[in-house]
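Here is a brief report on one protein chain. Keep the sequence and the 3D view open while reading.

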Amino acid sequence: MFQTISRALWLLMIALFLLMAVSPGLAEDAEPINLIGKAVLPEKTPDWFIGGELDITKATVEIYRDNKEFLFVARTRVEKDGSFSASVDRKGKYYVSVSIPHKDAGKEEFDLMVWAYGDKDLRIKAEDREIDLGTIKLSLQNVLMPGDKAPEWVGKTYDGAKIKLSDFRGKYVLLDFWATWCGPCIAEKPNLKKTYKEFGGDRFEIVALSLDDKVEEAIEFQKRKPSGYTLVHLGAAWENEVATRDYGIEGIPTIMLIAPDGTIIARDLRGKSIYNTVKQVLEKSNQSTE
């Protein structure tokens, strides 16, 4: 038994030696390379921002190595003056992200939600020993929770007519942020159609907010798969301030239920929870008016 284990360890040592011998640049990259920088918040908090108090010391810096796919390398915090430092151990292309998480980010369902963010790409050469990233300015975005007021948005119907959220005041509204290029968005369409077929009418409406680059893409999809509910084009996803700034959307589909007074009732609805949530809310509303 002992001989078997010893032989295995011996073979493992040989394999590690060969791996080190053929790994290009491993030895020269062994010395740490320091990264320093400074994170800065906007001088004035904009009127549209409905988040909590922003504290730069709550910011987290994360560093990823871009080697065909992002590999997490390091995480550090920001000092009171906004400065931060971290180190990596090899040359290559890197991505640095700075963010201030939402106060509930410790909860699993809110883990990726941030109030402020900024980023920077860089390439580290073998001879580099310290790189100053300079100032990374953080942009703000809302993180909407149940109980918050849904921000106003203005878009266009597929035939070009102006439309806005406040047009639906007095109704329960299910907002669906989606795009034709988003597979998970398409997968939710049957759930939305089922919900609309059951509850659509004077008290409830579904509004699908397309984030396609061109409205023609959404129109073509509608021709192939008619929906029946209200269709709106907001504009290209990550260039759209309604989605990225006002609603703080990190990914789609994002589906949320809005009360008749504009208050958010529920967010991140998917699958069966779309139908069940709407059903429960409408039944409760009926009971309160009887």
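## Overall make-up

This is a predicted model. The protein chain has 290 residues, and 43% of them count as buried. Its secondary structure comes to 6 helices and 15 strands.

Among contacts between residues at least 6 apart in sequence, 68% join residues at least 24 apart. The chain exposes about 16900 Å². Carbon and sulfur atoms supply 52% of that area.

## A negative patch

Four acidic residues gather on the surface: Asp213, Glu216, Glu217 and Glu239. Together they form a patch of negative charge.

Asp213 lies in the loop between strand 12 (204–210) and helix 4 (215–224). Its relative accessible area is 55%. Asp213 therefore counts as exposed, because the cut-off for exposed is over 50%.

## A cis peptide bond

Ile252 and Pro253 are joined by a cis peptide bond. Omega there is about 5°. Pro253 sits in the loop between helix 5 (241–246) and strand 14 (254–258).

## A positive phi

Asp268 is not a glycine, yet its phi is positive, at about 60°. Asp268 belongs to the loop between strand 15 (264–266) and helix 6 (272–289).

Definitions and conventions
Residues are numbered from 1 along each chain as its sequence is written. This is a predicted model: local features need pLDDT of at least 70, side-chain atom pairs count only at pLDDT 80 or more; totals for chains, interfaces and linings use all residues. Side-chain values use heavy atoms; hydrogens and water are left out. Patches are made of residues with over 30% relative accessible area and no salt bridge: like charges are joined within 9 Å, nonpolar side chains (Val, Leu, Ile, Met, Phe, Trp, Tyr) within 5 Å. Accessible areas come from the Shrake-Rupley method with a 1.4 Å probe; for residues, only the protein chains shown count as cover. A salt bridge is a side-chain nitrogen of Lys or Arg within 4 Å of a carboxyl oxygen of Asp or Glu. Lys and Arg count as positive and Asp and Glu as negative; His and the chain ends are not counted. The place of a charge is taken as NZ of Lys, CZ of Arg, CG of Asp or CD of Glu. Helices (H or I, at least four residues) and strands (E, at least two) are DSSP runs, numbered from the N terminus. Buried means under 20% relative accessible area, exposed over 50%, partly exposed in between (1.4 Å probe, protein chains only). Contact means heavy atoms within 4.5 Å.
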